[in-house]
Amino acid sequence: MMYRLSLISMIALVTWSCNTSNQSSEETDEQEEMTEIDRQWWKEGTLYQIYPQSFKDSDGDGYGDFRGIIEELDYLESLGITAVWMNPFFESPMVDNGYDVADYRAINPRYGTMEDFEEMMTGMQQRGIRFVLDVVVNHSSDQHEWFQAAKKSRDSEYREYYHWWPAEKGEPPYRYSLFDPEGGWDYVEETDSYYLHTFAEAQPDLNWENPKLRQEVYDIMKFWAEKGVDGFRMDAFQFASKDITYPEFPEGYESDFIKYHGLRPQLHEYLKEMYLEVLEPYNVYAVAEGSGSTFQDAHDLVDADRKELQVAYHFDYVSMSRTPDRYTLAEFKEVFSKWDSAFAEAGWMAIFLSNHDNSRMVNRFGDPRPEFRTVSTQMLNTFLLSMRGTPYTYYGDELGMTNIDMPNIDEYVDIEALGKYQTAKAKGADLDAFMKELNYNSRENGRTPMQWDASENAGFTSGKPWKRINPNYVEINVAEQNDNPNSVLNHFRKMTALRNDNLVLVYGDYELLWPDHDQIYGFTRTLNDERVLVLLNFSVEVATAELSNTMSITGTLINNYSKEFNAEGGKLSLEPYQAVIVTIQ
């Protein structure tokens with residue numbers, strides 16, 4: 001399939017003088033102004049997340065693979081994205097879909113070979129697309145050779161790669177597990193001891209207090225950096241450092257889980273060590289999943305002078321719209337505005353609305369009904385790509401892919417969903433209410449196969465797909481949207497082009513307008529003499545507002561409605577889920 005980029009006319013961009021004689025000096029002024037900004041590719045790019053087993057299957061086994069991605073490299077290039085973050089593809093028993101790694105230097109045969117990976121990497125590099133590797137080193141798989149040796153003998157050289165509690169000391173202090181309703185310690189008969197796991201029983205926590213373990217991790221990162229990887233996403237890394245005296249925590253502490261499990265001071269020592277060992281010499285960047293519980297926690301991770309990580313990936317937005325009761329626009333504005341304010345002078349952060357651990361963006365923050373799905377998804381993508389911070393987009397959101405209806409627990413395979421169900425059942429919870437909420441917020445919603453066309457299995461596979469494909473693939477797919485200039489897909493392409501061509505959308509100062517408006521999210525971005533106004537209607541009704549008399553619109557950069565936008569007399573009127581970016585002075 002050939003993918004054609006839709007071109008956008010950049011109307012009335014803020015310009016320097018039209019006088020050719022002054023152009024050279026003004027370009028010099030512009031360059032001097034821009035040198036004050038710490039320009040980095042990982043700030044200016046748009047990152048696209050691929051869940052590999054759901055993207056494209058090339059061999060008919062029902063699972064996405066590297067060769068399927070290779071087949072769609074032209075599609076990725078057509079999106080205007082500049083980097084790909086891919087979920088784990090290492091050798092794994094797949095208890096947690098690859099987040100349980102059995103060999104950090106080997107490819108899971110499900111996805112292909114190392115040669116396939118290298119060909120995929122080369123193809124991305126030829127298209128100007130960088131690659132970010134998902135590194136899972138808070139824990140390993142219980143099938144990793146380290147753990148297999150450690151559990152058999154207390155004298156194993158790998159014993160201290162993990163956390164152990166000898167049974168002769170009695171029951172270990174209670175630790176909450178995010179996936180295991182029975183808690184975070186499990187017994188191993190061979191050595192009469194317990195091992196710690198913050199996640200599933202099959203995911204024993206690695207002991208970062210052991211310098212030998214840390215060096216093993218740095219060597220793994222170097223292995224992949226030498227293969228051309230441009231960055232690392234550190235999974236669950238805020239939990240990596242642990243107090244190995246294992247003190248008692250107060251009863252019910254799990255309600256403030258991050259306070260007790262996240263960002264121990266020692267973690268910063270290890271990150272500085274990682275920076276010197278890997279990030280600086282290989283000129284790669286890193287982002288950690290999670291950023292602590294305060295703004296200072298986040299700054300301590302990513303401020304440039306700390307020489308630790310580069311991008312903060314906070315979870316404040318995740319708690320919004322976790323139930324079918326949804327969220328308020330006031331909450332949405334507050335979360336994103338306070339984080340922008342906190343990072344206005346130092347540090348850098350990721351901006352995202354979905355990923356592999358959440359349900360689909362349009363269901364949580366937009367309107368998945370057929371009459372509003374297109375415009376509301378376009379509006380959300382406009383927001384994502386016009387905020388300060390690096391936008392992290394998730395496969396399928398460029399199409400407006402939606403949640404899949406899964407009302408029965410029998411259809412779920414995700415270890416998190418199954419664990420939560422068992423916990424709810426054990427507590428005697430209303431399981432009908434539980435399933436209604438799970439059907440809405442389960443991360444399985446975000447893992448259904450990519451919808452390429454209207455053929456059988458959405459063009460994802462010629463075999464039986466590993467997961468049921470959303471039945472709406474007949475209407476929502478790449479082929480259907482590719483040649484439609486008004487589609488979600490082509491609006492996404494216009495937005496990436498706009499962001500790539502306008503540094504004001506990357507580095508410009510952010511100012512919130514109409515903070516109390518319950519329909520419109522409006523804000524300005526300002527960089528030197530450039531100013532743009534972003535107008536987003538988050539409602540199903542027409543929304544109105546008035547511009548300040550000190551502000552005048554000089555042109556329209558993007559509009560997800562074909563109707564011409566104007567604000568005569570300073571009065572704005574936005575159609576349902578309309579998204580407009582205009583230049584102002």
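Me: Buried means under 20% relative accessible area, and exposed means over 50%. With that cut-off, is Lys 43 buried or exposed?

Reply: Keep in mind that this is a predicted model. Lys 43 has a relative accessible area of 8%, so it is buried.

Me: Which element does Lys 43 lie in?

Reply: Helix H2.

Me: And what does Lys 43 touch, beyond residues up to four places away in sequence?

Reply: Asp 38, Trp 348, Gly 389, Thr 390, Arg 499, Val 506 and Tyr 507.

Me: How do the lining residues divide by type?

Reply: 16 are nonpolar, six are polar and eleven are charged.

Me: Zoom out. How many helices and strands does the chain have?

Reply: There are 18 helices and 20 strands. The radius of gyration is 24 Å, close to the 25 Å that the globule rule gives for 585 residues, so the chain is as compact as a globular protein of that length.

Me: What does the C-alpha trace span along its principal axes?

Reply: About 80 × 50 × 50 Å.

Me: What share of the residues counts as buried?

Reply: 60% of the 585 residues. As for contacts between residues at least 6 apart in sequence, 70% join residues at least 24 apart.

Me: On to H5. How far apart are its end C-alpha atoms?

Reply: 18 Å. Helix H5 has 13 residues (114-126), so at 1.5 Å a residue it should span 18 Å, and the two values agree.

Me: Which residues of H5 are buried?

Reply: Met 114, Asp 116, Phe 117, Met 120, Met 121, Gly 123 and Met 124.

Me: What do those buried residues pack against?

Reply: Three helices: H3 (66-71), H4 (73-78) and H7 (211-225). Also three strands: S2 (83-86), S4 (103-107) and S5 (130-135).

Me: What follows H5?

Reply: Gly 128, with a positive phi near 75°.

Me: Where is Leu 263 found?

Reply: In the loop between helix H8 (257-261) and H9. Leu 263 is buried, because its relative accessible area is 12%.

Me: And where is Lys 307 found?

Reply: In the loop between H10 and S11. Its relative accessibility is 43%, so Lys 307 counts as partly exposed.

Me: What does Lys 307 touch, leaving out residues up to four places away in sequence?

Reply: Leu 271, Lys 272 and Tyr 275.

Me: Back up to H10. Which of its residues are buried?

Reply: Ala 298, His 299, Asp 300, Leu 301 and Val 302. The buried residues of H10 pack against H9, strand S11 (311-313) and helix H11 (329-342).

Me: New spot. Is Phe 538 buried or exposed?

Reply: Phe 538 is buried, with a relative accessible area of 10%. Phe 538 is found in the loop between strand S16 (530-537) and strand S17 (543-546).

Me: What surrounds Phe 538, not counting residues up to four places away in sequence?

Reply: Phe 538 touches Tyr 327, Leu 329, Phe 332, Phe 365, Met 379, Leu 380, Gln 519, Tyr 521 and Tyr 577. The C-alpha atoms of Phe 538 and Asp 367 are separated by 9.3 Å, though the two are 171 residues apart along the chain.

Me: Last one, Val 375. Which helix is it found in?

Reply: H13, residues 370-384. Val 375 has 14% relative accessibility, so it counts as buried.

Me: Which residues is Val 375 in contact with, leaving aside neighbours within four places in sequence?

Reply: Asn 560, Tyr 561, Pro 576 and Tyr 577. Tyr 577 is also among the residues that Phe 538 touches.

Key. Residues numbered from 1 in each chain as written. Predicted model: local features only at pLDDT ≥ 70, side-chain atom pairs only at ≥ 80, totals over all residues. Heavy atoms only, no water. Helix = DSSP H or I, 4+ residues; strand = E, 2+ residues; numbered from the N terminus. Expected span 1.5 Å × (residues − 1). Buried < 20%, exposed > 50% of the residue type's maximum accessible area, 1.4 Å probe, protein only. Contact = heavy atoms within 4.5 Å. Nonpolar A, V, L, I, M, F, W, Y, C, P; charged D, E, K, R; others polar. Rg over C-alpha atoms; globule rule 2.2 N^0.38 Å.
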